[in-house]
Amino acid sequence: MTVLANRESQLLIDGKLVAGSGGSFETVNPATEEVLGVAADATADDMGRAIEAARRAFDETDWSTDTDLRVRCLRQLQAALKEHIEELREITIGEVGAPRMLTSAAQLEGPVDDLSFCADTAESYEWNTDLGVASPMGIKTRRRLAREAVGVVGAITPWNFPHQINLAKIGPALAAGNTIVLKPAPDTPWCAAAVGELIAEHTDIPPGVVNIVTSSDHGVGALLSKDPRVDMVSFTGSTATGRSVMADGAATIKKVFLELGGKSAFLVLDDADLAAACSMSAFTASMHAGQGCAITTRLVVPRARYDEAVEAAAATMGGLKPGDPQDAGTICGPLISARQRDRVQGYLDSAIDEGGKFAVGGGRPADRDTGFFIEPTVIAGLDNDAKVSREEIFGPVLTVIAHDGDDDAVRIANDSAYGLSGTVFSADEERANRVAARMRVGTVNINGGVWYSADMPFGGYKQSGLGREMGLAGFEEYLEIKAIATAV
Ligand code: NAD
């Protein structure tokens, strides 16, 4: 397979690489605005065929019960991805605008490595549990639990970390015995289509077990939430779309697993190294142009040292000029599209309208007139009620908010519709732990700790989602439990 030479990607339906019935649509390099090539544009009929194939593969083959086959196929997929890692890297940098540096981590190599965790978990998992003999209602009974695959999984994914999110759904869903139809974001079709090609050409994954359906039409993805042949929808994207996926799934009482947006807080307690903490916060908020759901975009600092904190954050962000994602030193690349860049600019304008100030940044970089770039921006002078403090911006934007002590910092962190992630910095680890325990979020970083790894579950409280991705919890999302009672 030569991924890069493939200027017209295809769908994977029922084990075959096929054209889209809707023709094709363009995929664009966000750093240059050049059209990279085209992807197959699926219609509702194509999606119907993909769902049918996944249904048949689940109902009529032994995929869901043959753990050895699944483990072998997952290891083959991982080997094929590794063998083609350099082509995949070029696609990822070109199509996503992901800085090259991040492709050795969560943008590519991290999720490929993590497929081992899925295969290992399937191999060692306790699929059956003996609960022993008891006499409920006076009837002597041997009880056991069997874990079984949910069935056909519809996976719908966003563009910001396509391999991370596509593989964190494909891996555990297959390991658990499901079949899957993946509908990636229209902005990054090639990242998903390349995985489809590798599956078709380099693995024994049976026809229909994985189907990859690229489409320019969001409505084609919505069919997954509505179709009665789909048992579960695993969705990552915005909270607004997640709400509509949940509503669509309600008609057939689908299992719905949601990884949604965030507005996470970085709490600097009054005993912390303020300059180091603020600098790390600014660095994190600039990475991949801020297009990460768990990025801490509210920097919450002691009121007495507010100006100093703004200055430290601005000094770091001012040094992180938006750059060519091809360059090894770039941290902040482009936003995914002109639409997204304009949306971020709208938020920056709202900060000024509400009385805020830019300590650095505030718009498009003067030295880049092509590409969807925005300068890393520090907003000062606003509180937690401002629009930029409440809504997810998904750009390289950090809002600095003052707190009046630990209780107030926790109050501000939790005063959000979201609950995805958070950070606490303190010289006293016990104090940081007490604050972390009060944060209503799914992941917490204390003093720079990293929660991203294959065996750590990731997900959100409140409107940041339902369920957990990765780790054992992420694998078990794709399982049902059957309780079996035998009279003895
Ligand atoms: P989005 O919600 O616009 O789109 C996500 C996916 O949903 C795309 O594939 C899109 O085609 C599809 N879609 C759109 N409308 C649909 C509908 N009505 N029914 C079914 N599918 C539909 O999100 P985006 O702009 O692509 O990505 C950015 C968002 O994703 C941010 O809000 C970010 O926080 C979130 N995100 C969350 C996580 C997480 O793990 N919590 C990870 C990454 C991104």
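Trainee: In this predicted model, is the crossing in which helix 1 passes helix 7 left-handed or right-handed?

Mentor: Helix 1 covers residues 44-60 and helix 7 covers residues 218-226. These two helices pack at an angle of about 35°, with their axes 9 Å apart. The crossing of helix 1 past helix 7 is right-handed.

Trainee: Which class of residue makes up the contact of helix 1 with helix 7?

Mentor: Helix 1 contributes Ala44, Met47 and Ile51 to the contact. From helix 7 come Val220, Leu223 and Leu224. The contact has no polar and no charged residues, and its six residues are nonpolar.

Trainee: Which polar backbone atom lies 2.6 Å from a nitrogen atom of the ligand?

Mentor: Thr157 places a backbone N or O atom 2.7 Å from an oxygen atom of the ligand. In Ser244, an N or O atom of the side chain is 3.2 Å from a ligand nitrogen atom. The polar backbone atom at 2.6 Å from a ligand nitrogen belongs to Leu260.

Trainee: How much of the accessible area that the ligand has on its own does the protein cover?

Mentor: The ligand on its own has 860 Å² of accessible area. Of this area, the protein covers 88%.

Trainee: How many residues surround the ligand?

Mentor: Helix 7, strand 11 and helix 8 each supply at least two residues of the shell. By class, the shell has 15 nonpolar, 10 polar and three charged residues. Thr157, His218, Ser238, Leu260 and Glu392 are the closest, and the number of residues surrounding the ligand is 28.

Key:
Residues are numbered from 1 along each chain as its sequence is written. This is a predicted model: local features need pLDDT of at least 70, side-chain atom pairs count only at pLDDT 80 or more; totals for chains, interfaces and linings use all residues. Side-chain values use heavy atoms; hydrogens and water are left out. Axes are lines fitted to C-alpha atoms, for helices over the stretch in contact, and angles run from 0 to 180 degrees between N-to-C directions. Helices (H or I, at least four residues) and strands (E, at least two) are DSSP runs, numbered from the N terminus. A crossing is left-handed if the near helix is turned anticlockwise from the far one by less than a right angle, and right-handed if clockwise. Contact means heavy atoms within 4.5 Å. Ala, Val, Leu, Ile, Met, Phe, Trp, Tyr, Cys and Pro count as nonpolar, Asp, Glu, Lys and Arg as charged, and the others, Gly among them, as polar. A residue is near a molecule or strand if one of its heavy atoms lies within 4 Å of it. A polar contact is a pair of N or O atoms within 3.5 Å; within protein, one must be able to donate a hydrogen and the other to accept it, and residues adjacent in sequence count only if both atoms are side-chain atoms. Accessible areas come from the Shrake-Rupley method with a 1.4 Å probe; for residues, only the protein chains shown count as cover.
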